[in-house]
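This briefing is meant to be read alongside the sequence and the coordinates. It goes from the overall fold to the ligand shell and then to individual residues.

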Amino acid sequence: MSLSEPRPTLDLAALDDAALLHWVWNRLAAAADTPEDSMHLHVLATTAEGGGPDARLMVLRGASEVQGAIWYHADAASTKIRQMQADPAACVVVYDAPTDLQLRLRGTASIVTSDEEIRAHWHHIRAIVQQLRHDTGEAPPHDLRLEALNRSDHDPAWQPDHFAVIQIHPNTIDVLSPQNGAPRRRRLTVEHQHSRDDAH
Ligand SMILES: Cc1cc2nc3c(=O)[nH]c(=O)nc-3n(C[C@H](O)[C@H](O)[C@H](O)COP(=O)(O)O)c2cc1C
């Protein structure tokens, strides 16, 4: 290893797939609530309505190993929401700076429809914005000033019309690690609750 090469803080070889998957979910969950975490910002790719790829930066808003899901917030009228309704296939890439690992998640996107879940996300994000304003005394960073959020940020009333929660269920998670210049890939398969139930 040369001096300029980043030293991974994770011994991938020592982790079996279940342990690595558990580590990935924990990292995602922690990054969702930490704006300065390198895994807080994701590239979310979808299929454009006329066909072909489309992608954009998104802020990770939550992750749950138990639910096998990650969440993003968006404007309900945005292009990405329309794209996902037409084609739920989604791919996410994200970089974990401390370990120099890239993750690629491939799976299915859906828009959360339960009022209770949407409200929980809404209250969570409002609390984070208020905390950041309190901590810094400045406007929160770009990732917390979404148009959808701004519209109702000054209005305590619930405004579900602009606010949408995107849920991604990854089927596979690729962990890409640098190995002497050639990236090495570990493919992890995510077993979802319903398939576990079916198996019983
Ligand atoms: C740093 C950064 C973070 C962003 N986070 C979000 C986000 O969490 N949700 C969102 O809807 N758009 C976010 N955006 C804007 C999107 O990247 C995108 O430009 C916008 O949502 C429109 O995308 P669409 O036309 O594909 O729907 C972010 C942009 C930047 C630069």
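The points below are grouped by topic, and they describe a predicted model.

**Overall fold**

- The protein contains five helices and seven strands, and along the sequence these elements follow the pattern α-β-β-β-α-β-β-α-α-β-β-α.
- Of the 200 residues of the protein, 22% count as buried.
- When contacts between residues at least 6 apart in sequence are considered, 62% of them join residues that are at least 24 apart.

**Shell around the ligand**

- The ligand is surrounded by 15 residues, of which the closest are Arg56, Val59, Ala74, Ser78 and Lys80.
- Sorted by class, this shell around the ligand comprises seven nonpolar, four polar and four charged residues.
- At least two residues of the shell come from each of strand S2 (53-64), strand S3 (69-75) and helix H2 (79-86).

**Nonpolar core**

- In soluble globular proteins, nonpolar side chains tend to be buried together.
- Here the largest nonpolar core has 29 residues, and those with the most contacts inside it are Leu28, Leu60, Ala90, Val92, Leu103, Ile166 and Ile168.
- Helix H1 (17-32), S2, S3, strand S4 (89-96), strand S5 (101-111) and strand S6 (163-179) each supply at least two residues of this core, and the largest share, seven residues, comes from S6.
- Ile166, one of the residues with the most contacts inside the core, is in contact with Trp71, Tyr72, Ala74, Met84, Ala109 and Ile111, if its neighbours within four places in sequence are left aside.
- Ala74, one of these contacts of Ile166, is also among the closest residues to the ligand.

**Helix H1**

- The 16 residues of H1 should span 22 Å at 1.5 Å a residue, and the end C-alpha atoms of the helix are 23 Å apart, which agrees with that expectation.
- Val24, Arg27, Leu28, Ala31 and Ala32 are the buried residues of H1, and because they cover an arc of only 130° around the axis, they lie on the same side of H1.
- On the other side of H1, Ala18, Ala19 and Asn26 are exposed.
- The buried residues of H1 pack against S2, S3, S4, S5 and S6.

**His121**

- His121 is found in helix H3, which covers residues 115-136.
- Is His121 buried, exposed or partly exposed? A residue needs 20 or more other C-beta atoms within 10 Å to count as buried and 12 or fewer to count as exposed, so His121, with 19 other C-beta atoms within 10 Å, is partly exposed.
- Leaving aside neighbours within four places in sequence, His121 is in contact with Arg61, Trp71, His73 and Val165.
- His121 and Tyr72 are 49 residues apart in sequence, and their C-alpha atoms are 9.4 Å apart in space.

**Tyr95**

- Tyr95 lies in strand S4, and because 15 other C-beta atoms lie within 10 Å, this residue is partly exposed.
- Which residues does Tyr95 touch, not counting those up to four places away in sequence? Tyr95 touches Ser38 and Gln102 on that basis.
- The C-alpha atoms of Tyr95 and Leu176 are separated by 9.5 Å, although the two residues are 81 residues apart along the chain.

Terms used: Residues numbered from 1 in each chain as written. Predicted model: local features only at pLDDT ≥ 70, side-chain atom pairs only at ≥ 80, totals over all residues. Near = placed C-beta within 6 Å. Helix = DSSP H or I, 4+ residues; strand = E, 2+ residues; numbered from the N terminus. Nonpolar A, V, L, I, M, F, W, Y, C, P; charged D, E, K, R; others polar. Core = buried A, V, L, I, M, F, W, Y, C linked by C-beta atoms within 7 Å. Contact = placed C-beta atoms within 7 Å. Expected span 1.5 Å × (residues − 1). Arc of directions from axis to C-beta.
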